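User: Hi! Could you take a close look at one part of this protein with me, the stretch annotated as a repeat, and show how it sits in the whole?

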Amino acid sequence: MGNTHKLHDAIHSSDFTSTLQFSQQTPSILGSRLTSETSPLALLTSASDNPEHYKTIEQLFLTCLQTGDDKSAQLCLDQLTKRFGPRNERVMGFRGLYEEATTEDTTSLEKCLHEYEKILSENPVNVPILKRRVALLRSMSKPIDAISALVEFLEAVPTDAEAWCELADLYQSQGMSSQAIFCLEESLLITPNSWNIHAHLGELLYVCASSATEDTSFGLLARSLRSFCRSIELCDDYLRGFYGLVLVSSLLLKNQNYARGPQDCKDGKCDSIPSKEYLQKLNLFSLKVLQSIVNSRSSRYQEWEYGQIELAAAKRLLDRFQTE
């Protein structure tokens, strides 16, 4: 169990050295189970044959690929193949990932893609391979093909919230904002309490508002405001949520349409906009909380090392408001 906790920390650490050191322990972690003479029956009856053990091997496999330790990754893959068989869908997905990671040119990647197509012709709902095909198409800079592949995947698995978010990102990269918004809304139908997705939706609506006409912009900002409010309602110290709330509430207060009231919104989705007085209070509240979050995380740098870019952006936003 101790190895499992260390592995989890290594995978989620930005310290490449510690991750590399842990991946190099693969042979000792797997131990005698790597021997070729170990039979499947022996694996089944082994005391260490449990889901947690193989979850550790899977995570270790991913760590080895991340650090470029292909030899150790192969050892992990062999162990998983020996236990579950080469036709196991999850193993097939890991095999594809390994082939992608160890290829040296575009021609080899095309061969991987061809192999995925072959597998899917035999089993169109092989979920790990469907996902690998999408990831491979993205890495090969084929966003349109990746969108088509992801749409195909969601037809088979419509309840995958992460896939909807991935599709939203792909649509957004192609300037298809309406489709991206739809995808995030679909994701929220599946995971309604995901504060990060609510904030992402708020950000996308804000971006759309920046390039829309004045009347349409007001409606989009109103929807964005509600998304950010829901985000901080679900997570009361979410920096991105408060950042967005400060930005959008400030823009709404400056928007000339606000004086005419929400009934003038043409998209029919502005019926819950608060009064100007309330919006001013909301703006001051969000500024205060954002400042508190920034102060707290700045004093505990090591605890928030993963979010330093977001922290720096929040500091710039606060500095801007202090100079206005």
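Analyst: Happy to; we start with the annotated stretch and then widen the view. This is a predicted model, in which local features need pLDDT of at least 70 and side-chain atom pairs count only at pLDDT 80 or more, while totals for chains, interfaces and linings use all residues. Residues are numbered from 1 along each chain as its sequence is written, and side-chain values use heavy atoms, leaving out hydrogens and water.

The protein has 17 helices and zero strands, counted as DSSP runs (helices H or I, at least four residues; strands E, at least two).

Now look at L184. Leaving aside residues up to four places away in sequence, L184 touches C165, A168, I197, H200, L201 and L204, where contact means heavy atoms within 4.5 Å.

L184 also belongs to the largest nonpolar core, which has 65 residues; among those with the most contacts inside it are L184, L167 and L136. Such a core is a set of buried Ala, Val, Leu, Ile, Met, Phe, Trp, Tyr and Cys residues joined through side-chain atoms within 4.5 Å, and buried means under 20% relative accessible area (1.4 Å probe, protein chains only). A second, separate core of 13 residues includes I57, F61, C64 and C76. In soluble globular proteins, nonpolar side chains tend to be buried together. Of the 324 residues of this protein, 42% count as buried.

Methods. Buried means under 20% relative accessible area, exposed over 50%, partly exposed in between (1.4 Å probe, protein chains only).
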